Amino acid sequence: MSRKEKVLIFFLLFAAFTIPAIYLTYFNPLVKEYFNGLAPTWFKALVEFIYPRMATERNRFPVSFFEEKALQVTVRISFVLSAFAVFFFLKSKFISFRKFTLQFFNGHTDEHQVSILRILFYSSLLYFSLEFYNDLLVVSSIKAFFKPVFLLKVTGLGFPSDSLGLILYVILLLSSIFCILNIYPVLSSGIAILTFIYFQAVFFSFEKIDHGYTTLNYAGLVMPFLLYQQKKNVNPKSLLLPDWPLQLIRLSLSLCYLLAGLEKLFISKGAWLSPVTFKSYIYLHQAPLGMHILNYPLLCSLLPLAAMIFQLGFISILWNEKLKWIFLPSGILFHIGTVMLFGISSIINPWIFTYIFFIRWSEIKPLKGLFKSVDHLFKRGIPQ
Amino acid sequence: MKIKLKNIIVSGFITALILPFILITDLFPFARFGMFAEPVSSADTLKMFEVEYYQNHQWQTLDAKRFNLASGSFMYLTGNYFYRNQSKEFLTKLSLSIPDTSIYAWRLKHIQIPGNNLHQSDTVLIETLKIR
């Protein structure tokens, strides 16, 4: 282990242990002061900017609830810093792990793979946004309840007029089609994801954020960088492109599951794994299959455990690609299971759709030929 | 220079992904996956809200699908106004959103179901708004 690595690990662990102590000494009283209306103006403004639900929740729960949540934030900071310390320790001690981390963002992918992913991804974006304008018109009738989400507050954007909504909708559809046809793909992909996210931001500005499109958003935000790699590849003889944007998409999708699993463990302090919690969720949603499962205590014990193993374990497919043949089908079952047991979301799930980024499409020869012909349609195609 | 830009993008994106988890809040488009995370107990009281409007000499329940909202999202919105003690404001906004001249009044009801017993629900009338 080099001196630089030792200093970094020491610094991370030092921060991980001192931050909770600093919080408990200096910042914990601020939480009480906030509820008594005695907190400094900057602290009040900061809390209400980060936590817009505070205006509602402070009427529902006692101060102790928020003190516990504030402590959770510091514990999570310590947890993340410690996790980075462990990461750097493993990297310095184990050659195979060091090799893995060094290669992770420095590999290459096939140009055909990028083309196929581009066509599949923007076709899905087109499909999932088809109803957006209609949804906008319907939701505009309750514009009086509009409360802009974080992104709209930061950018200063508001609820669009019907005509602006229509223009943005046409832009969204056209930019997705341009991406599919490989016409100005980098620019089109940027416009497509920004308008896609804007529509969602408007829909979620009614005090409830839905996470259904989250993985599409993450992939869409990184896709322009992947398409830029394809565009700047001026060597017609080389079919290999730097794959770091693709790896970043895979990492972000895996982190979604990992963070969802950790969230359950942190918030419930392990109680989430109890069959009592699982049964209560089923009872709350009253889905027919869920209610039937209540008659099988063994399943009520095993299913939450299996869901947790899936969520925490999904990220392992980045280390061992073969594991995707276990985790991707499990993921499909996990999302279908959520629909069947709780009656929420739908079978056509964007989360399942983003599994396309884990498949090596370019190894499926008939597909390669089919997608190549789409690229050649507008003569911006991939080299022979 | 190019390598540095790549590192900045990667580090920035990973930070943005982790930040909602640390702060326990959504920073849209970056999400905190809190759905189904809070432990619930079967002994907990299930709280629901119902909005009704008076039309054709009878009270009718408002369907959230009318606004393209899932019933859960509408319940959430209703609950937020209730907990902020803004039930009257909620009904006023609702009456403005549905300017139907055949509607004479709006009301908000709070239904509490203890434990697992659907038959022992307790309904409380929170607010009534007469518009005509």
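Trainee: Which domains is chain A divided into?
Mentor: Chain A splits into domain 1 (3–104) and domain 2 (108–377), with bounds from an automatic or database domain assignment. This is a predicted model, in which local features need pLDDT of at least 70 and side-chain atom pairs count only at pLDDT 80 or more, while totals for chains, interfaces and linings use all residues. Residues are numbered from 1 along each chain as its sequence is written, and chains are lettered from A and ligands numbered from 1 in the order in which they are written.

Trainee: How far apart are the C-alpha centres of those two?
Mentor: 27 Å, for domain 1 of chain A and domain 2 of chain A.

Trainee: And what does the secondary structure of chain A come to?
Mentor: 18 helices and two strands. Helices (H or I, at least four residues) and strands (E, at least two) are DSSP runs, numbered from the N terminus. The C-alpha trace of chain A spans about 70 × 60 × 55 Å along its principal axes.

Trainee: How much of chain A counts as buried?
Mentor: 29% of its 384 residues. Buried means 20 or more other C-beta atoms within 10 Å of the residue's own; exposed means 12 or fewer, and partly exposed is in between, with C-beta atoms placed from the backbone.

Trainee: Let's look at helix 1 of chain A. How many residues has it?
Mentor: Helix 1 of chain A (residues 3–35) has 33 residues. Its first and last C-alpha are 46 Å apart, close to the 48 Å expected at 1.5 Å a residue; the expected span is 1.5 Å times one less than the number of residues.

Trainee: Where is its kink centred?
Mentor: On Leu24(A), with a bend of about 50 degrees. The bend is the angle between axes fitted to the seven residues ending at a residue and the seven starting there.

Trainee: Which residues of that helix are buried, and what do they pack against?
Mentor: Leu12(A), Val31(A) and Tyr34(A) are buried in helix 1 of chain A. The buried residues of this helix pack against helix 2 (41–50) and helix 4 (63–93) of chain A. A contact here means C-beta atoms, placed from the backbone, within 7 Å.

Trainee: What follows the helix?
Mentor: Gly37(A), with a positive phi near 75 degrees.

Trainee: Switching to chain B. In what order do its elements run?
Mentor: α-β-β-α-α-β-β from the N terminus, so three helices and four strands. Domain 1 of chain B covers 1–37 and domain 2 covers 46–130; their C-alpha centres are 37 Å apart.

Trainee: How many residues of chain B are in contact with chain A?
Mentor: 41 residues of chain B, in contact with 56 residues of chain A. On the chain B side, helix 1 (2–23), helix 2 (71–83) and helix 3 (87–97) of chain B each give two or more residues. Helix 1 of chain B has the largest share, nine residues.

Trainee: How does that side divide into nonpolar, polar and charged?
Mentor: 25 nonpolar, 10 polar and six charged. Ala, Val, Leu, Ile, Met, Phe, Trp, Tyr, Cys and Pro count as nonpolar, Asp, Glu, Lys and Arg as charged, and the others, Gly among them, as polar.

Trainee: Which residues touch the most other members of the largest nonpolar core?
Mentor: Ala192(A), Ala219(A), Val222(A), Ile249(A) and Leu259(A), in a core of 64 residues. Such a core is a set of buried Ala, Val, Leu, Ile, Met, Phe, Trp, Tyr and Cys residues joined through C-beta atoms within 7 Å. The largest share, 13 residues, comes from helix 12 of chain A.

Methods:
Contact = placed C-beta atoms within 7 Å.
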